[in-house]
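Have the coordinates open while reading.

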Amino acid sequence: MVRARGTEFGKKAAAERGSSQGREGREAPSRVVIEGVSPELDGGRFPVKRTVGESVAVSGDIHADGHDELVAVLLHRVDSDRDWSETPLQPLGNDRWRASFRVERQAPHVYTLEAWLDPFLTWRRGLLRKSEVGRVERVDLLVGAELVEEAAGRAGGPAVRALRSWAKALRPVRAELAAQVGRALDEELRALMLRHADRGAGVRYAKELRVEVDRERARFSTWYEMFPRSAASEAGRHGTFRDCESRLDEIAEMGFDVLYLPPIHPIGDAHRKGRNNNPLAEAGEVGSPWAIGAAEGGHTAIHPQLGSVADFQRLVKAAQRRGIEIALDFAAQCSPDHPWVKQHPLWFRSRPDGTVQYAENPPKKYEDIYPLNFESPEWRGLWEALLEVVRFWIGQGVRVFRVDNPHTKPYRFWEWLIAEVRREHADVLFLAEAFTRPRVMYQLAKLGFTQSYTYFAWRNTKAELTEYFTELSRGEASEYFRANLWPNTPDILTEYLQFGGRPAFMTRLALAATLGASYGIYGPAFELSENRPRSAGGEEYLDSEKYEIRFWDRDNADSLRPFIARVNRIRRENPALQQDRNLHFHAVDNEQLIAYSKSSEDGTNTILTVVNLDPHHAHSGWMELPLAELSLSAQQPYQVHDLLTDARFLWSGPRNYVHLDPREAPAHIFRLRRKVRTERDFDYFL
């Protein structure tokens, strides 16, 4: 990789012109074509996404008429820098070229491609072919000497003298011709000529494409959702932020680094929902936290029974000391008692009878929630008010927001708000809770959402999981859509969890934690295997925390806390599990067994996961591994170390037997260890 001044690159090959300057000074159409560049999202409208330290692999179709030698480079830089860095593109065949660069700073980057026909390399190739059949003439060397002299005219500094020395050495003399041909084909001369090539006969791609670079937690995070009002240590009491603080050690020991809190604001009284979503609340019932706003205030106020702003700030700092970030729910909606309803009536939709339109998703009604009218004549004030809400909580130390139902608000609003926030605070992350159509989910990710909920909860069979995660990890979506996998949420208790018992919860956690670099659970419901639905065929919990305070027996002997802690420790200790684009599925001759692997970018860490998808029965099968792709030898045994049970097995060849009983352990999480021989002549596994 070399660096060059932005003003020097492409003086005669600027992207805007699409033509080249001939060696005789005449403008001529470029013979080089650059097309099919990837990644390029919607013609360059949106950036691809990476975190600090990740690579961006760029490819393109680059070709020209005739048979001249083509040279192509990948140009990249931090957007605010003046200088480009360049990396040579390598031909893949069929005119496809590829190279990659690493983003080392949390700042926007840009990249593009440049290519040119190189007369020196064309001459050198011809000279080599002639020398192989003994057809070199002294005039051939003269042509090369002239090309080197021209390069000396373009160069500066010590390179000028070096190039002129090479040109002199190539000029025909009475010395033996073979010796001069050898000098002409010297690799040092080739490298020197590449550094001072004539790029005037080339072209630069017309677009500078962008990379949005986030901090590491955007790529690798482990979320725990908890209702603060249910955090009390004894039954019958409303939880507080101090109670949440007392639970931080437990959450940290389980290995979570993001603690997500549903709305912490005052809850409206009007049309308050009762237990199990009863439309008529009884006296003393607490209502839904998503019915935001009461006499005490709105989106920047705290429910008085949770504590004060100072208590919240204390919780944020206590979490930070344990390596945990507090994520807040950002729900752009109001209860009928929210101050905005009286202060800004045009921010809401009115019905013909003069009442305000409440939220509906027929046949469901949410009378306790008023949607905001983003098409109001006063939309600018509404947008600014919501931006100020986010700014307020950033001021209290929050850097992560889980956004409720963003797909029901305008695209253009989210693009504006996220850009405004990120311009001031580049470390802020937004998780989109949008269980909606794929194109809408993808559009929200393109517009700026850092992470996104997925359909993972409803993908159960091997075929469903393989197809979906191949799309997320290998398709274009992998360039901008960061999946966050949730086996359960306060709204989602899937049929699989309802009827699969404790093994089902273990299975879904193992899948979420190894398929995705980011995942989350709603607890303590998850670790206590809460699986009681409110109605047959539904996904709502019986006695849902959305409508009442729950007291959880966190010390229950059947709690999955030890299992969760083990899995999360495996994630932290193995870089292979901390990314998404490295996922590969492997064949197993049993439809109830799914196998896949992930390898770190440097190849030193490979994790092979095998999961039994049937929570009721043991299953076994023969698995096929692509040994070469996993850097394993077909002639040497290798060790698979089950990080869940600490068992070790010695395997040989690509085909091996696996057996999993969900009553014991529903998954293997193997670390592959290659057999190596040391200088002391004994074997060990790396």
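**Backbone details**

P524 sits in the loop between β25 (518-522) and α15. Helices (H or I, at least four residues) and strands (E, at least two) are DSSP runs, numbered from the N terminus. The peptide bond from G523 to P524 is cis, and its omega is near -5 degrees. This is a predicted model: local features need pLDDT of at least 70, side-chain atom pairs count only at pLDDT 80 or more, and totals for chains, interfaces and linings use all residues. Residues are numbered from 1 along each chain as its sequence is written, and side-chain values use heavy atoms, with hydrogens and water left out.

Another cis peptide bond joins S38 and P39, with omega about 0 degrees. P39 belongs to the loop between β4 (32-38) and β5 (48-51). As background, most peptide bonds are trans, and most residues other than glycine have a negative phi.

Phi is positive at N276, near 55 degrees, and this residue is not glycine. N276 lies in the loop between β15 (258-261) and α8 (309-321). S631 also has a positive phi, near 60 degrees, and is likewise a residue other than glycine. Its loop runs between β29 (619-624) and β30 (638-642).

How accessible are these two sites? Buried means under 20% relative accessible area, exposed over 50%, and partly exposed in between (1.4 Å probe, protein chains only). N276 has a relative accessible area of 18%, so it is buried. S631 has 47% relative accessibility, so it counts as partly exposed.

**Overall build**

The chain contains 15 helices and 34 strands. Along its principal axes, the C-alpha trace spans about 110 × 70 × 40 Å. Of the 686 residues in the chain, 56% are buried. Contact means heavy atoms within 4.5 Å. Among contacts between residues at least 6 apart in sequence, 74% join residues at least 24 apart.

**Nonpolar cores**

A nonpolar core is a set of buried Ala, Val, Leu, Ile, Met, Phe, Trp, Tyr and Cys residues joined through side-chain atoms within 4.5 Å. The largest one here has 153 residues. I62, F312, L372, L386, F401, L417 and F430 have the most contacts inside it. Helix α14 (residues 495-515) gives the most to this core, with 11 residues.

Which residues does I62 touch, leaving aside its neighbours within four places in sequence? The list is V32, V33, I34, L70, A72, L89, D95, W97, L113 and A115. A second, separate core has 31 residues, including W116, W123, A167 and L170.

**Helix pairs**

Two helix pairs are set out below. Axes are lines fitted to C-alpha atoms, for helices over the stretch in contact, and angles run from 0 to 180 degrees between N-to-C directions.

| Pair | Axes come within | Crossing angle |
|---|---|---|
| α11 (residues 411-424) and α12 (residues 438-447) | 9 Å | roughly 30 degrees |
| α14 and α15 (residues 561-573) | 11 Å | roughly 15 degrees |

Angles under 35 degrees count as roughly parallel, over 145 as roughly antiparallel, 65 to 115 as roughly perpendicular and the rest as oblique. α11 and α12 are therefore roughly parallel to each other. α14 is roughly parallel to α15.

A crossing is left-handed if the near helix is turned anticlockwise from the far one by less than a right angle, and right-handed if clockwise. α11 passes α12 in a right-handed crossing. Y411, W414 and E415 of α11 make the contact with V440, Q443, L444 and L447 of α12. For classes, Ala, Val, Leu, Ile, Met, Phe, Trp, Tyr, Cys and Pro count as nonpolar, Asp, Glu, Lys and Arg as charged, and the others, Gly among them, as polar. The contact of α11 with α12 has five nonpolar, one polar and one charged residues.

The crossing of α14 past α15 is right-handed. Here M506, L509 and A513 in α14 meet F563, I564, V567 and R571 in α15. This contact divides into six nonpolar, no polar and one charged.

**Two further sites**

Y638 lies in strand β30. Y638 is buried, at a relative accessible area of 1%. The C-alpha atoms of Y638 and R554 are separated by 41 Å, and these residues are 84 apart along the chain.

V143 lies in helix α2 (residues 138-154). V143 is partly exposed, with a relative accessible area of 39%. V143 and F120 are 23 residues apart along the chain, with 9.2 Å between their C-alpha atoms.
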